[in-house]
Amino acid sequence: LALMSQFNDTERDGSAIRQFLGYFRILESIYHTTVERTTLKQVLIESSELREIHSSLANIGSYDALISELVEVRHKCAHLKLSKGFGYVPIDPTIEREVRPHLSLLAALASCSIMRLESSQD
């Protein structure tokens, strides 16, 4: 219920940055559950469940490369460092090239991950 609430709230948000972070937060919550010092990128790349979901949705390109790109974009969405030219502000035109194109696949990955988690708990 909490993850569906997060998903629905994210879906209604008009900001591409906040949508990206909201959908990514769902994946992080589902797949990065250990206290080990494993990077989020490594956990997502090694997740056979997420890899399978990706394959069923969009079996194009490298899954590992996609996860690497999503983690980098997430980093830029979450950490604004204007003095270093890093991150996105809402008026940044690169959002249309670097963030928005990932939103539909990221939303689908989050949605399918939630459904898979819920079905495993029944």
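Are Phe 7 and Tyr 23 buried or exposed? Both Phe 7 and Tyr 23 are buried. Keep in mind as you look around that this is a predicted model.

## Aromatic pairs

A search through the whole structure turns up 2 aromatic pairs. In one of them, the ring centres of Phe 7 and Tyr 23 lie 5.4 Å apart with the planes at 45°, so this pair is tilted. Phe 7 belongs to helix H1 (residues 2-12) and Tyr 23 to helix H2 (residues 16-31), so the pair ties together parts that are 16 residues apart in sequence.

Phe 20 and Phe 24 also pair up: their ring centres are 6.1 Å apart and their planes stand at 15°, so they are stacked. Both residues sit in helix H2, 4 residues apart, which is about one turn of the helix. Phe 20 is buried, with 0% relative accessibility, and Phe 24 is buried too, at a relative accessible area of 1%.

## A buried tyrosine in a loop

Now let us visit Tyr 88. You will find Tyr 88 in the loop that runs between helix H5 (63-78) and helix H6 (95-98). With a relative accessible area of 4%, Tyr 88 counts as buried because the cut-off for that is under 20%.

Leaving aside residues up to four places away in sequence, Tyr 88 touches several others, including Ile 17, Val 73, Leu 80, Ile 95 and Val 99. Glu 98 is also among the residues touched, and its side chain makes a polar contact of 2.6 Å with the side chain of Tyr 88. As for Glu 36, which is 52 residues from Tyr 88 along the chain, the C-alpha atoms of these two residues are separated by 30 Å.

Notes:
Residues are numbered from 1 along each chain as its sequence is written. This is a predicted model: local features need pLDDT of at least 70, side-chain atom pairs count only at pLDDT 80 or more; totals for chains, interfaces and linings use all residues. Side-chain values use heavy atoms; hydrogens and water are left out. Helices (H or I, at least four residues) and strands (E, at least two) are DSSP runs, numbered from the N terminus. Buried means under 20% relative accessible area, exposed over 50%, partly exposed in between (1.4 Å probe, protein chains only). Contact means heavy atoms within 4.5 Å. A polar contact is a pair of N or O atoms within 3.5 Å; within protein, one must be able to donate a hydrogen and the other to accept it, and residues adjacent in sequence count only if both atoms are side-chain atoms. Rings of Phe, Tyr and Trp (its six-membered ring) pair if their centres lie within 6.5 Å; planes under 30 degrees apart count as stacked, over 60 as edge-to-face and the rest as tilted.
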